[in-house]
Amino acid sequence: MNTSKKIRVVVAKPGLDGHDRGAKIIARALRDAGMEVIYTGLHQTPEQIVETVIQEDADAVGLSILSGAHMTLVPRIVDLLREQEIDDVLVTVGGTIPADDIPELKKLGVAEVFTPGAPTQDIVDFMRAGASRN
Amino acid sequence: MAAHTTASIPQPTLEGWEEAYAATPERDAEFITLSGEPIHPLYTEADLPQDPASIGVPGAYPYTRGVYPSMYRGRLWTMRQFAGFGTADETNERFRYLLEHGQTGLSTAFDMPSLMGHDSDHPLSLGEVGREGVAVDTVDDMQTLFQGIDLGKVTVSMTINAPAAIMLAYYVVAAERAGVPAEKLGGTIQADILKEYIAQKEWCFPIDPAMRLLGDMIEWSTEQMPRWNSVSISGYHIREAGATAAQELAFTLKDGLTYVEQAVERGLDVDDFAPRLSFFFNAQIDFFEEIAKYRAARRIWARELRETFGAKDPKSWLMRFHTQTAGVSLTAQQPLNNIVRTAIEALAGVLGGTQSLHTNSYDEALALPTEEAVRIALRTQQIIAHETGVTNTIDPLGGSYFVEALTDKMEQQAYDYFSKIDELGGMVEAVKQNYPQREIADASYELQGRIDHEQRIVVGVNRYTEGDDAQTPILKIDPALERKQVGNLQAVRARRDAAAVEASLTEVKRVAQQGGNLMPPLLEAARAHTSEGEIVHALQQVWGDYTETPVF
């Protein structure tokens, strides 16, 4: 692995909710940690997000959802990635995700789910470790 | 002489205290507010405002101590829990539940598609229908939402902004069909569009036409709905997006002053509409900072309306406000702790003189609240109102060295922001230049850093983390509700008069293009069962939509 290559992360806001405090904090923390961060902005469709992941040749994508629509939107994004034969992108989810939904999301291929209160450093560390492995 | 009387014991002095304090080591902590403001170890008489008139008395200019002479001895605040999920049927049931449990006003949460102007069967609505609020697509849903509730008696608050004028049209027509005319309707529609671009981020149109639509609605409701609060100028979402208390105060008031300016420019007399403006603030966990914020807000608003806009009617000077406890202060870890947080925040709202209050439920960092969680939240307000005794006297913290000093400081910080915003060309310009957005992003990042480095302790999150109970029961929204709502909408589409719908949309577009007040054509569109998405998309054909350039 070329260690000088910056990890490229897409921070994405699928769905219609406008709660972007968390996404922006994470985007900035990842950037401050030396990663290349592409923040999609709000109200993105699954198609737009997957398109961005491809365009940006991302190592990881962080999906931030606080609207309760995660069980509709995350499977759609994971499916689209699979259709495009993208299997080396680390997928993480953050937001108000009830505990019961976490195992299901992981079964779909989500590497980790971060709920409110997750320390920023944990997310940075996870992204770094996971994206380097891929 | 008289060496042996008690009077000879040296009187404690401030200097003496300072020496004694300096000799005592402080514990290892930062003595700053949640917003990062340093706090002195002691406040004294010297910290009180120079002019006692700036504190004044309740119910009189500058209203620092409260907007009414009798405050809670006359009437308690309105206990207004925000609710909405699923279709209009489910939310109507929750509304009736809340009214039966002693709630005194209604507050409607709309789902994301409704907030963004998308119909429930729009591709972008997939998975979002009825999730974070109630789905309202047509006037028919609005009728169902308030079925069996006397809209002439209960006041209703509606949290909707970009499409507020359309929802108001639905509400007026739904009430009309239930036999309640517009002039009898009491309540509030949020309609605070500037804070959408700043913080809440649910928009439909570019800023300028959105401001015009708001102006049309204010003008129309000023004339037709004397009991209606035309805009609820909201700091809540600004704060939730990560702002400090001073930013919440400054940006919210500046938004409000901008609406006043626009309405005056349209030719309205300030005293005709200013009494119908109301505010909506957050109650965060830093108790005194919040109380100071509300007191400063009243004083600034009164001064600006009287001095800058020349309002003569004292009702125009009054800042009446709703408070909601801070959703962002709730933790997913050890969720029962949130009951305590919410109680303290609610108490700050009450000691700050709020007119109405929503207390969050302890499970809201996980999902929408269950009925039980909502009941505890409402009971929290009832305990504050009836058991704690804080309502026995007005503004019990008035005159406190600390609270008065914080109030003055908060006021000063707000004026500092006003100057910066004016330098940028006013609030609309500042928003277009992302100024408040950037300030908020910086503040929120800074606070997160303090939490991550454990400079700020969050119980159950970065300290005292053992004993988490992952067993909190949560409200599940049945995905079948989305299909039910899509079915409702399609049934309305099938039975309405398609030609009337077309005609109503043509008229909406014509007025949007050629000028004139949009409310009458929107009311016609509501009567024709035209859907929200159809109206918004028609307006977007004329005005375009909005894309943010995010700053982080």
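## Salt bridges and the A–B interface

A search of the whole structure, over all chains, finds 40 salt bridges (a side-chain nitrogen of Lys or Arg within 4 Å of a carboxyl oxygen of Asp or Glu). This is a predicted model, where local features need pLDDT of at least 70 and side-chain atom pairs count only at pLDDT 80 or more, while totals for chains, interfaces and linings use all residues. Residues are numbered from 1 along each chain as its sequence is written, chains are lettered from A and ligands numbered from 1 in the order in which they are written, and side-chain values use heavy atoms, with hydrogens and water left out.

User: Is Glu47(A) buried or exposed, or in between?

Analyst: The cut-offs are under 20% relative accessible area for buried and over 50% for exposed, with partly exposed in between (1.4 Å probe, protein chains only). Arg76(A) has a relative accessible area of 33% and is partly exposed. Glu47(A), with 38%, is also partly exposed.

User: How many residues apart in sequence are the parts that Asp89(B) and Lys484(B) tie together?

Analyst: These two form a salt bridge with the closest N and O atoms 3.0 Å apart. Asp89(B) lies in helix H3 (residues 88-100) of chain B and Lys484(B) in helix H19 (residues 480-495) of chain B, so the parts that they tie together are separated in sequence by 395 residues.

User: Where in chain B is Arg266(B)?

Analyst: Arg266(B) forms a salt bridge with Glu219(B), the closest N and O atoms being 3.3 Å apart. Glu219(B) is in helix H8 (residues 207-224) of chain B, 47 residues away, whereas Arg266(B) is in the loop between helix H10 (245-265) and helix H11 (270-273) of chain B.

User: What is the area buried between chain B and chain A?

Analyst: The contact, meaning heavy atoms within 4.5 Å, takes 38 residues from chain B and 36 residues from chain A. Buried area is the accessible area (1.4 Å probe) that two parts lose on being put together, summed over both. Carbon and sulfur atoms give 58% of a total of about 3000 Å².

User: Which residue of chain B meets Asp20(A) in a salt bridge?

Analyst: The count between chain B and chain A is three salt bridges. In the pair you ask about, the side chains meet at 2.7 Å, N to O, and the partner of Asp20(A) is Lys201(B).

User: Which strand is joined to E1(A)?

Analyst: Strand E1 (residues 8-12) of chain A is mostly covered, with four of its five residues buried. Two strands pair if DSSP finds at least two bridges between them. Here four bridges join E1(A) to a parallel partner, strand E2 (residues 36-39) of chain A.

Key: Helices (H or I, at least four residues) and strands (E, at least two) are DSSP runs, numbered from the N terminus.
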